[in-house]
Amino acid sequence: MTWSFTLGRLLGSELRVHVTFFLLLAWVGFAAYSDGGLAAAIENVVFVLALFACVVAHEFGHALMARRYGILTPDITLLPIGGLARLERMPEKPLQEVMVALAGPAVNVVIWAVLMIIGAGMPLEALARIDSTDLDFLSRLALVNLFLAVFNMIPAFPMDGGRVFRALLCLTMDRVTATRTAAFAGQFVAFLLGFAGLSSGNPVLVLIALFVFIAANAESQDVAMRAVARRLLARDAMITSFEALSPQDSLNTAAQAVIHTTQHEFPVLDGTGALLGFVTRARLFAALAGDHPLSDPATSIMDEDIPQVRLTTGLETVLDALHKGAPAVAVCAESGQMLGYITRENVGELMVIRGR
């Protein structure tokens with residue numbers, strides 16, 4: 001999630017917000033100000049903030065339930081179309097996946113119930129005008145929470161209902177087939193949302209449709225990739241022909257290596273062949289754009305937090321390390337000498353070659 005920054009930590013997870021979220025606030029405030037003046041703008045912006053507080057609670061519902069099964073949630077990011085809790089992995093036992101998926105909508109139902117108890121009203125005709133400002137603040141918030149709970153239970157990826165659907169399908173078929181079925185359902189829903197958005201001129205629906213379509217496809221690919229990865233080892237995917245840097249090499253040497261090779265990552269090895277870290281093309285370009293002298297040592301921009309595995313480590317373990325943000329995973333001998341390394345790109349190429 002580039003273009004996002006941290007607000008702080010809450011209940012063990014980093015709470016982040018994407019910069020486009022502020023564009024949403026600005027758009028809501030401007031539209032309300034144009035129609036009803038400053039008071040309307042303030043009320044609508046506060047309502048959006050309250051709504052997204054409920055979205056954060058929804059995502060923490062997933063995170064706290066996942067923690068019961070030993071799954072951590074490194075961060076939760078607020079986007080204009082909702083929240084995204086990045087779990088380290090999804091539970092593969094059907095009952096656990098159902099519980100994690102249902103925890104989010106359950107939070108919205110609890111919020112709705114509390115709001116109703118403290119005075120929110122929700123006449124039946126309000127269901128047809130969820131975006132109406134005629135309703136009072138609490139009633140609108142209660143109605144939106146009920147809508148979020150129901151909408152998220154649509155049995156299609158990446159909604160929570162899609163995960164419940166996949167978990168139920170896993171009772172009668174393998175996980176890859178179940179995921180593909182739920183992902184297809186998600187893409188069908190995305191098509192309907194996109195059509196509705198284009199027909200009504202609603203750009204938010206179109207944006208949600210694109211997100212649902214892409215996320216459903218990504219989930220299907222990830223599960224299929226992991227199914228293949230379980231049968232492979234690190235040695236099956238590692239890059240063994242590469243150009244390395246030494247601790248004495250400068251940024252200029254690294255820049256020349258970028259020009260003369262197709263590598264995006266360059267391991268920095270000591271005299272014994274042990275890994276010290278990686279210099280990535282992205283870090284090198286950022287350093288050069290920041291007017292760093294070409295004579296500076298390449299180690300000054302080196303990423304030292306590189307996971308190391310053995311030749312016989314399962315490839316799924318490597319995928320987990322890459323998923324946490326490492327630019328590469330080094331494959332090392334017991335003596336510490338680096339034998340090769342693995343990146344997201346060459347794992348993807350391996351999957352294509354293996355006939356995914």
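This is a predicted model: local features need pLDDT of at least 70, side-chain atom pairs count only at pLDDT 80 or more; totals for chains, interfaces and linings use all residues.
**Entry 1, pocket.** Residues are numbered from 1 along each chain as its sequence is written, and side-chain values use heavy atoms, with hydrogens and water left out.

I then looked up which residues line the second largest pocket, and found Ile239, Ser241, Thr262, Gln263, His264, Glu265, Tyr341, Thr343, Glu345, Asn346 and Glu349. Helix α11 (residues 344–353) gives the most to this lining, with 3 residues; helices here are DSSP runs of H or I with at least four residues, and strands are runs of E with at least two, numbered from the N terminus.

I read off 11 helices and 9 strands for the chain, whose C-alpha trace spans about 75 × 55 × 40 Å along its principal axes. Of the 356 residues, 46% are buried, where buried means under 20% relative accessible area, exposed over 50% and partly exposed in between, with a 1.4 Å probe and protein chains only.

I found 4 salt bridges in the structure, each being a side-chain nitrogen of Lys or Arg within 4 Å of a carboxyl oxygen of Asp or Glu.

Glutamate 43 pairs with arginine 140, with 3.9 Å between the closest N and O atoms. Because glutamate 43 lies in helix α1 and arginine 140 in helix α3 (residues 137–152), the pair ties together parts that are 97 residues apart in sequence. I noted that glutamate 43 is partly exposed at 34%, whereas arginine 140 is buried at 5% relative accessibility.

Aspartate 75 and arginine 86 also meet in a salt bridge, at 2.6 Å from N to O. Aspartate 75 sits in strand β3 (residues 75–79) and arginine 86 in strand β4 (residues 82–86), so this pair joins parts that are 11 residues apart in sequence.

Another salt bridge links glutamate 97 and arginine 166 at 2.5 Å, N to O. Glutamate 97 belongs to helix α2 (residues 94–117) and arginine 166 to helix α4, so parts 69 residues apart in sequence are tied together; glutamate 97 and arginine 166 are both buried.

Definitions and conventions
On a 1 Å grid over the protein atoms alone, a cavity is a set of points where a 1.4 Å probe fits but cannot get out, and a pocket is an open set with protein on both sides within 12 Å along at least five of seven lines; lining residues have an atom within 4 Å of a point.
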